[in-house]
Amino acid sequence: MAKAERTKYLIIGNSAGGIGAAEAIRQVDEVGTMTIVSDEPYPAYSRPLISEYLAEKRPLERMLFRPSDFYEKHNIQAILGRKAEQLNSDEHTIKLDDGRKIIWERLLLATGGVPIVPGIEGIGLKGVFTFTKLDDAKAIDEFLNQHQARKVRGVVIGGGLIGVSVTEALRKREIDITIVEMRERLLNTILDEETSALEAETLRRGGVEIITGHTVAKVSSYLDGEASGVTLDDGRSLPCEMVIVAIGVRPRTEFVSDTKIKVNRGIMVDRYMATSSPDVYACGDVAEAYDFVYGENRLTPIWPNAYIGGRVAGFNMAAIPTEYRGGTAMNSLKYFGLDVVSAGMVMPPDASYEVIRAKYGQACKKVILKDGLIMGMVFSGDIEKSGIVYNLMKDRVKVGAFQQALVAEDFGLVSLPEEIWRPHLEIPSAIADTSVISMEQAEEVIAGE
Ligand SMILES: Cc1cc2nc3c(=O)[nH]c(=O)nc-3n(C[C@H](O)[C@H](O)[C@H](O)COP(=O)(O)OP(=O)(O)OC[C@H]3O[C@@H](n4cnc5c(N)ncnc54)[C@H](O)[C@@H]3O)c2cc1C
């Protein structure tokens, strides 16, 4: 049997969360041995860009999240194309799918999510794909290249972020697409009704057919196990050669299922990104971390939260106690040219919330408030100053006294009371001597050393 390898820091997942942690660790510990394992064979790339890869605009070299010498430069052993299979959190070991055993001191689980695939008839046919990783984009690309001679028609199951991303990429390749969305509207978890309708109109103008309130009950085939159409839950048939399943992603927690690590919808972590098991941390799409809008832990599967959560985990793994301030759902979209920014709650859950809204030509600004705090926002058309509103929401600033200014056409930093905008222009003050510091403070300490 091969001898076990030892590493101080073991990171499973080579994406936003994993790289965030690796960079934070190397900021404070240049020598501790570090290993990153990923079952994807590529250096870290930007996952949101797989749609650009598919649209034939961006090769892998231009999708890389860090330069290809990142691992060597930071003295990191990267084990790519290998799956971590067995975790023993008591013994501090994991086994890879090639039989290798790794003994670790601190472990980070940054394993992301897996696409949800419904168990419907025909789902295993040729021409049916998911769309969450580069290999998915490559497989679809290869399929399209093979079928160049005849016109491919596609059905995208699911009108969420991933479904709309793949739709835009495929329209750029002149594929006819029908989106089938089970709910009544597109992008329903990240947009309010009005902006959802605007997105749908924009997509239709871009040549996309949209069917809402229905789902696909079956994928059918006429020959050789190849998809030739779908049947909807109302019996309607849509002929197509390609089906993309984009109904959602769930945290990839299978790796911890036989351990004592607590899992709710995702792996449960505290404000230090520590799991219920000593020396084991988690971040990113797999983790249920603090959401500052809801004031509780939730899944917030977006890239910046994964990266920042990873950095916090990394500092803590390297023994710099650092607290995660929290993240929330935040999306910046530009499908078919329409600029939209949304964050936090996009629909008021009950009458105790207040909605302020203003429309200027094609642009619309909407802010959701409760007790003077911003709980959510949706800006479309004019998104230029949305970052300021987002920061006020993140910093939990009481905005009741000037809330109407937030949706004004000429809103800017100067629209805010001086005591709010001035700190943004000042150099941060010295850091108090405390054992628990925020991530921003940790970064300042490190920069100052
Ligand atoms: C098409 C698409 C578009 C998106 N667009 C946006 C966007 O516009 N903005 C935004 O903020 N977010 C977007 N996202 C979401 C964003 O990509 C994720 O939030 C982010 O990638 C999460 O990072 P992560 O590090 O938690 O996990 P992931 O990026 O999912 O990476 C996890 C890695 O771990 C590997 N892994 C898992 N288990 C194991 C194991 N047992 N052994 C070895 N390796 C393993 C996986 O293969 C994967 O490589 C998009 C996602 C998709 C799919």
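Student: Which domains does the shell around the ligand draw at least three residues from?
Tutor: From domain 1 (5–114 + 250–323) and domain 2 (128–247), with at least three residues from each. Keep in mind that this is a predicted model.

Student: OK, and how many residues are around the ligand, and which come nearest?
Tutor: There are 36 residues around the ligand, and Gly13, Ser15, Gly17, Gly112 and Gly284 come nearest.

Student: Which helices and strands each supply at least two residues of the shell?
Tutor: Helix H1 (16–28), helix H2 (50–54), helix H5 (161–172) and H7 do, and so does strand S2 (34–38).

Student: Let's switch to the inside. How many residues does the largest nonpolar core have?
Tutor: That core has 120 residues. Leu108, Leu109, Val243 and Cys283 have the most contacts inside it. Helix H7, which spans residues 303–317, gives the core its largest share, seven residues.

Student: Why might nonpolar residues gather like that?
Tutor: As a general matter, nonpolar side chains tend to be buried together in soluble globular proteins.

Student: Back to Leu108. What is it in contact with, leaving aside neighbours within four places in sequence?
Tutor: Leu108 is in contact with Ile11, Ile12, Gly18 and Ala21, and also with Tyr281, Cys283, Ala313 and Met317.

Student: New topic: how is the protein chain divided into domains?
Tutor: Besides domain 1 (5–114 + 250–323) and domain 2 (128–247), there's domain 3 (339–425).

Student: How far apart are the C-alpha centres of domain 2 and domain 3?
Tutor: Those centres lie 33 Å apart. The two domains do touch: six residues of domain 2 are in contact with eight residues of domain 3. On the domain 2 side, three of the residues are nonpolar, one is polar and two are charged.

Student: And zooming out, how many helices and strands does the protein chain have?
Tutor: The protein chain has ten helices and 27 strands. Its radius of gyration is 23 Å, close to the 22 Å that the globule rule gives for 449 residues, so the chain is as compact as a globular protein of that length.

Student: What box do the C-alpha atoms fill?
Tutor: Roughly 70 × 65 × 35 Å, taken along the principal axes.

Student: Last one: what share of the residues counts as buried?
Tutor: Of the 449 residues, 41% do. As for contacts between residues at least 6 apart in sequence, 63% join residues at least 24 apart.

Definitions and conventions. Residues are numbered from 1 along each chain as its sequence is written. This is a predicted model: local features need pLDDT of at least 70, side-chain atom pairs count only at pLDDT 80 or more; totals for chains, interfaces and linings use all residues. A nonpolar core is a set of buried Ala, Val, Leu, Ile, Met, Phe, Trp, Tyr and Cys residues joined through C-beta atoms within 7 Å. A residue is buried if 20 or more other C-beta atoms lie within 10 Å of its own, exposed if 12 or fewer, and partly exposed in between; C-beta atoms are placed from the backbone. Helices (H or I, at least four residues) and strands (E, at least two) are DSSP runs, numbered from the N terminus. Two residues are in contact if their C-beta atoms, placed from the backbone, lie within 7 Å. A residue is near a molecule or strand if its C-beta atom, placed from the backbone, lies within 6 Å of it. Domain bounds come from an automatic or database domain assignment. Ala, Val, Leu, Ile, Met, Phe, Trp, Tyr, Cys and Pro count as nonpolar, Asp, Glu, Lys and Arg as charged, and the others, Gly among them, as polar. The radius of gyration is taken over C-alpha atoms; the globule rule is 2.2 Å times the number of residues to the power 0.38.
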